[in-house]
Amino acid sequence: MLGQSISMLLPEVVGYKLVGKLGPLVTSTDLVLTITKNLRQLGVVGKFVEFYGPGVAELSIADRATIGNMSPENGATVSFFPIDENTLAYLRQTNRSEEKIEVIRQYLKETGQLRDYNNVSQDPKYSQTLELDLSTVVTSVSGPKRPHDRVAVADMKGDFQSCLVNPVGFKGFAIPPETLSAAGQFQWDDGKSYTIRHGSVVIAAITSCTNTSNPSVMLGAGLLARKAVEKGLSVMPYIKTSLSPGSGVVTYYLQESGVIPYLEKLGFDIVGYGCMTCIGNSGPLDDNVVNTIEKNGLVCCGVLSGNRNFEGRIHPNTRANYLASPLLVIAYAIAGRVDIDFETEPLGVGPNGEKVFLRDIWPTRSEIQDVESKHVIPAMFKEVYGKITLGSEDWQKINVAESKLYPWNSDSTYIKHPPFFDGMTRELSPLKSIQNARCLLFLGDSVTTDHISPAGSIARNSPAARYLSERGLTPRDFNSYGSRRGNDAVMARGTFANIRLVNKLVSKTGPRTIHVPSNEEMDVFDCADRYREDGTPLVLIAGKDYGSGSSRDWAAKGPLLLGIKAVIAESYERIHRSNLVGMGIIPLQFLPGQNAETFNLNGREVFNITIPEIELKPGQKIQVEANGTVFDTIVRFDTEVDITYYKNGGILNYMIRKMFA
């Protein structure tokens, strides 16, 4: 956007060979979750992944896009599929002209880029390789807290039951044995009484992402819904169901194939487009459901077809969240629980008392392909995308004043003049070491950008809620952090506001920390504000994979506004490291084999970080002193460009200075 080239170290390229064919009952989502787990286990942060082998030719472009879109979850910089004839066929299907397609084909041939996945002689030499036989992929979900924790559906019942009793962690909730059978009852609008317990599904969302732009899984979900309705199955009314397609074209072919009424019958009405449940925009659950969950301490579940299920992201009251294909989202919604063995337990009972199993309503790959070939046609893409720039009628009615500069409205709680250039000078200030800093947060491994800058609902007892209440807003108008990212005052108060944040400075999970000089516990923002009043710079300590998940810019902007000058972590997710540098925060990394425990750090120390004024180089060692303990760290400036941005206080300041140079 700013016209700057992307600066990175020359990456290793991992070759991922695919062979064989997917089974007739396996979906592209199952494949994606399998690949995501495999790549996380291998470790591909900062690397490119290129797919090759005869198995790739068996995958549609939509399937490949679904895999590519999980790159942030598997850690790769990019997941690349070289262009082949399938790619050109997709251009034809999406209404590109034959003339244009032929020009593309000839260009690719002349430059040696048109790949034949069955031709071994075309395979490059990779830094390292791994292989997957597509025939070994089984129906899967991922969860309950991370997208790479794949679970075979056949093992799901036992896995969830294990998660309940496991120690608190990515695969554990530490539910005491005496409360494993806890359950709660509530009345619904239909006059009936319903019971929920550990494992009950309360959110089931076919939610916007590449999954919901993939005809095979979307039409598959529609066919499954039709068969379910014809068998007399239904979804409990208290389960919050939704369908948010990834594209207007999806709505078109769902309508044309005749499956919309069946989806609606099960509660999966089209609620809109864009990021929804996957980013925390599910909206509130019914108070009866929330009160029952909280009163009984239940681990209730969300099942969604999105990419991310990090703690606190989907909904505050769904402690377990599972990524699944759109077909499985409907299946688990009908079952009403995740601790079910689909092989031996029925989804439900038909009107004549007959048991209905998942296998009775699951469509085969060939069934789905037959419907897709009939209903996903070029005319749809022409119809939808021909008028995409017009927007809706409401969009067209918006009156916008003509002006070169944005007319800031000081009363707006959505869009506020940002403070990033306040106090900026034309000339660069000399680099200064960080002196007498305090630790704002002392975190562990796999802290995601959702922990750092949540996008979901604004809790009523949060600093952001207080800010909005002071401006006359009631809780029903708070909206979400994602919707208010144009207001730095809200977003700064929302930084580290995730209810599942584990901070070692305090005893309980949540967005709280200790103001060390006074030993007072308070909200993270209030603590940072207290430090700001007396001019104390701040640091943050973390473990491995700090900043994994979405490439969320506010996960770097927010910490900057809190006064964080440096992060000291065991390792970083690639995009977040880059974003920290882009906002002028220095990313320091413990030396290999070292961490906070190595030096007996507890987060209550006073930190001094020596930053050389002149000889600052990529990857050099930077000394940190904490209450007399001195240790070296590696500065994660990976290129000279990173150093330039840091010296300027970030990329935004650099661009301003460059414009006025």
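User: How many Å separate the centres of domain 1 and domain 2?
Analyst: This is a predicted model, where local features need pLDDT of at least 70, side-chain atom pairs count only at pLDDT 80 or more, and totals for chains, interfaces and linings use all residues. Residues are numbered from 1 along each chain as its sequence is written, and side-chain values use heavy atoms, with hydrogens and water left out. Domain 1 covers 13-136 and domain 2 covers 179-378, with bounds from an automatic or database domain assignment. Taken over C-alpha atoms, their centres are separated by 29 Å.

User: What area do domain 1 and domain 2 bury between them?
Analyst: Start with who touches whom: 20 residues of domain 1 are in contact (heavy atoms within 4.5 Å) with 22 residues of domain 2. Buried area is the accessible area (1.4 Å probe) that two parts lose on being put together, summed over both. Carbon and sulfur atoms carry 49% of it here, and the total is about 1,600 Å².

User: Which residue meets aspartate 63 in a salt bridge?
Analyst: A salt bridge needs a side-chain nitrogen of Lys or Arg within 4 Å of a carboxyl oxygen of Asp or Glu. Domain 1 and domain 2 have two salt bridges between them. For aspartate 63, the N to O distance is 3.4 Å, and the partner is arginine 365.

User: Which helix gives the largest share of the side of domain 1 that touches domain 2?
Analyst: Helices here are DSSP runs (H or I, at least four residues), as are strands (E, at least two), numbered from the N terminus. H1 (28-42), H2 (61-68), H3 (71-74) and H4 (85-93) each supply at least two residues of that side. The largest share is four residues, and it comes from H2.

User: Where in the chain is arginine 359, the partner of glutamate 343?
Analyst: The whole structure holds 33 salt bridges. In one of them, the side chains of glutamate 343 and arginine 359 meet at 3.9 Å, N to O. They sit 16 residues apart, with glutamate 343 in the loop between helix H11 (326-335) and strand E13 (348-349), and arginine 359 in helix H12 (residues 358-361).

User: Which residue does a cis peptide bond join to proline 144?
Analyst: Most peptide bonds are trans. Proline 144 lies in the loop between strand E5 (140-142) and strand E6 (150-152). The cis bond has an omega of about 10°, and the residue joined to proline 144 is glycine 143.

User: What is the phi of alanine 174?
Analyst: Most residues other than glycine have a negative phi. Alanine 174 is in the loop between helix H6 (156-165) and strand E7 (183-187). Although alanine 174 is not a glycine, its phi is positive, at about 55°.
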